[in-house]
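Visitor: I would like to go through this model with you, one topic at a time. Could we begin with the rings and charges?

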Amino acid sequence: MADPSPLLPVSNSLEPSYNPVPEGTVSAGCPATRLRRSKKVLIAVFSGLLVVSLILATINNNSGAQHGDENASLAASRETAKPETLLPAGSRGVSAGVSEKANLKGAGVKDYPWNNSMLSWQRTAFHFQPEDNWMNDPNGPLYYKGWYHFFYQYNPNAAVWGDIVWGHAVSKDLIHWLHLPLAMVADEWYDKNGVWTGSATILPDGKIVMLYTGSTNESVQVQNLAYPADHNDPLLLRWVKYSGNPVLVPPPGIGAKDFRDPTTAWKTSEGKWRIIIGSKINKTGIALVYDTEDFINYTLSSGILHAVPKTGMWECVDFYPVSKTGQNGLDTSVNGPQVKHVVKTSLDDDRHDYYAIGTYDDKAAKWYPDNPEIDVGIGIRYDYGIFYASKTFYDQSKGRRVLWGWIGESDSEVADVKKGWASLQGIPRTVVLDTKTGSNLLQWPVEEVESLRLKSNDFNNMEVKAGSVVPLELDGATQTSFAEFELDKKAIERAAESNVEFSCSNNGGASHRGALGPFGLLVLADDNLSEYTPVYFFVAKGNNGSLKTFFCTDQSRSSVANDVRKEIYGSYVPVLKGEKLLVRILVDHSIIESFAQGGRTCITSRVYPTRAIYGAARLFLFNNATEAGVTSSLKIWNMNSAFIRPYSNEQQ
């Protein structure tokens, strides 16, 4: 039986302004959203148009003040195109359920003859993934009555995108997982084309509210409310969709397919709940602000939380506080002088997650970046590899903020179908403010992953000469490594200064030799080095003698297979005076997660070797610099497998 009082006190709900087209009805030339011709709705439409006008004015004012002549982004004739990406424009796949990687096949690439042994090796040992089929965005993570809950976008019918519902799993430690029955399926007109991304809010009385985006029978994006059928059930096995859904529809001026992914709600100073929803106006990415007292009736703010021209559609937005003084996480409603706020968005145009740190004005419902030069969508990324649609939650049991991120595949769709699954989730990461730089977050694997460590190997003060490769005697395709590197100081002094700009992706990868790099580790390598993936640092010396450090991963030689993407990822990493170069690497079969300088810069890669698998996987130190020697110390553990399996009643 459903909880008779699942929410805060309910007031009378206004009629939504959107009516679905009845099943089987074709309405040529009619827009997807239809406005009821009532006096109430005409007033609502007028008010909505006024709000959008104010939003446009806000965008114009903000962009003029912070981004120079970027007002031009609102005029289609003067837009600056984003760099071309390897993925199709549509972020959600197509209605037929075709994976977004289908373009690999159209590029004239022949399928590699993968065998079952190779494909079986690709499945990870300690990263979360369903038993089979397709998975993408993390949804509504939370900690409740002793269990961590993880929901996710899932296709129960195939290893490609489509038929999206909510999968559900629970864990006691974020590492070992039990698969539960589906949480929500696409069984209503307002989510018939997909139960899309959403977020959980835990109310002061301990009850749970879940807001999620539904794709209607007309593919209009609307926001819906759901809640547990029984709040006394720690496993939250059954969910009820609110009978008055949808609770929010696209406001006038916002596209029917540009209104998605509500955040966790937080309390305002007036005692109301506040959420943001991602959208865009022309090519300006925006975060719409809504206030509510009961999660049924909402007021759209006359302004926007934030907007950045030329960033396109903002999806999977996130908003949360970080402490300026401590290393603990904060509940989403915390505010005050010792707090900064993070705004994060997943950019639909380039499929990367960007964040910025700034100041939140509760009264005005606005957020301002500390440094407009590294604003949301144009500055720092969570991860410079494959990492998208991420979502954080506050873990009240341990006082930490935890970040989940979807790790897609970079092989062919044919291979995914053959192996029967696609995508996984990164190891959950804690997130805190880097108080040393003030502009970065520090991301670090949750401490529970250390429980999987087996035997360790130590390598101390190993000297790696310029142009050399040093094998490390250990085995296994699942490892965690800590490594520190120190360049020869005399070689740094001798190195010539240069004004040449370095880029991980544009300078030839690990084969590009400079005086002070690259150097690092070759992971998932075979004995003959016909396959290997370098994870490395490159130090550039500028004209004024200053050093700038880059952290990169090069997939160009990761596999002899021809139907996988082999990209070079990376970015600048801040290295402060007196700091050694530090990296932590998690290797779990086909995923490599790397964290430089305590997590200031992170890179996640998917690799698909054909030879460096099982017992043939090796690890090497390398230094491809032309002048500088490197001294390195490492500690490396083999890793056990996590228990990820279906739930049985005996396990409660």
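Visitor: What lies over the face of W421, and at what distance from the ring centre?

Guide: In this predicted model, K419 lies over the face of W421, at 4.2 Å from the ring centre. A charge sits over a ring if NZ of Lys or CZ of Arg is within 6 Å of the ring centre and within 35 degrees of the ring normal. The charged end of R123 also sits over the ring of W421, 5.5 Å from its centre.

Visitor: Before we go on, which residues and atoms count here?

Guide: As the model is predicted, local features need pLDDT of at least 70 and side-chain atom pairs count only at pLDDT 80 or more, while totals for chains, interfaces and linings use all residues. Residues are numbered from 1 along each chain as its sequence is written, and side-chain values use heavy atoms, with hydrogens and water left out.

Visitor: How many aromatic pairs are there?

Guide: A search of the whole structure gives 36 aromatic pairs. Rings of Phe, Tyr and Trp (its six-membered ring) pair if their centres lie within 6.5 Å; planes under 30 degrees apart are stacked, over 60 edge-to-face, and the rest tilted. One of the pairs is W444 with F482, which is tilted, at 6.2 Å centre to centre and 45° between the planes.

Visitor: What does that pair tie together?

Guide: W444 lies in strand β23 (residues 441-445) and F482 in strand β26 (residues 478-487), so the pair ties together parts that are 38 residues apart in sequence. Helices (H or I, at least four residues) and strands (E, at least two) are DSSP runs, numbered from the N terminus.

Visitor: And how accessible is W444?

Guide: W444 is partly exposed at 26% relative accessibility, and F482 is partly exposed with a relative accessible area of 26%. Buried means under 20% relative accessible area, exposed over 50%, and partly exposed in between (1.4 Å probe, protein chains only).

Visitor: Which residues do ring pairs link into a cluster?

Guide: The cluster consists of F128, F150, Y152, Y154, W177 and W404.

Visitor: Let us turn to strands. What is the strand order in the open sheet?

Guide: The open sheet has six strands in the order β20-β1-β2-β3-β4-β36, with mixed pairing. Two strands pair if DSSP finds at least two bridges between them. At the edges stand β20 (421-422) and β36 (644-646), each with a single partner strand, so one side of each has no neighbour in the sheet.

Visitor: Do β2 and β3 pair in the parallel or the antiparallel sense?

Guide: Strand β2 (residues 147-155) and strand β3 (residues 165-171) pair in the antiparallel sense, over seven bridges. Y154 has V165 in β3 as its bridge partner.

Visitor: How far is V165 from D187?

Guide: Their C-alpha atoms are separated by 9.6 Å, and the two residues are 22 residues apart along the chain. D187 is in the loop between β4 (177-184) and β5 (195-202), and D187 is partly exposed, with a relative accessible area of 49%.

Visitor: What does L472 touch?

Guide: Not counting residues up to four places away in sequence, L472 touches F459, M462, L521, L619, F620, L621, L634 and I636. Contact means heavy atoms within 4.5 Å.

Visitor: Last topic, the backbone. Which peptide bonds are cis?

Guide: The bond from N245 to P246 is cis, with omega near 0°, and P246 lies in the loop between β8 (239-241) and β9 (266-267). Another cis bond joins G517 and P518, with omega about 10°.

Visitor: What is the phi of H589?

Guide: H589 has a positive phi of about 55°, although it is not a glycine. Most residues other than glycine have a negative phi. H589 is in the loop between β31 and β32 (591-596), and counts as buried at 15% relative accessibility.
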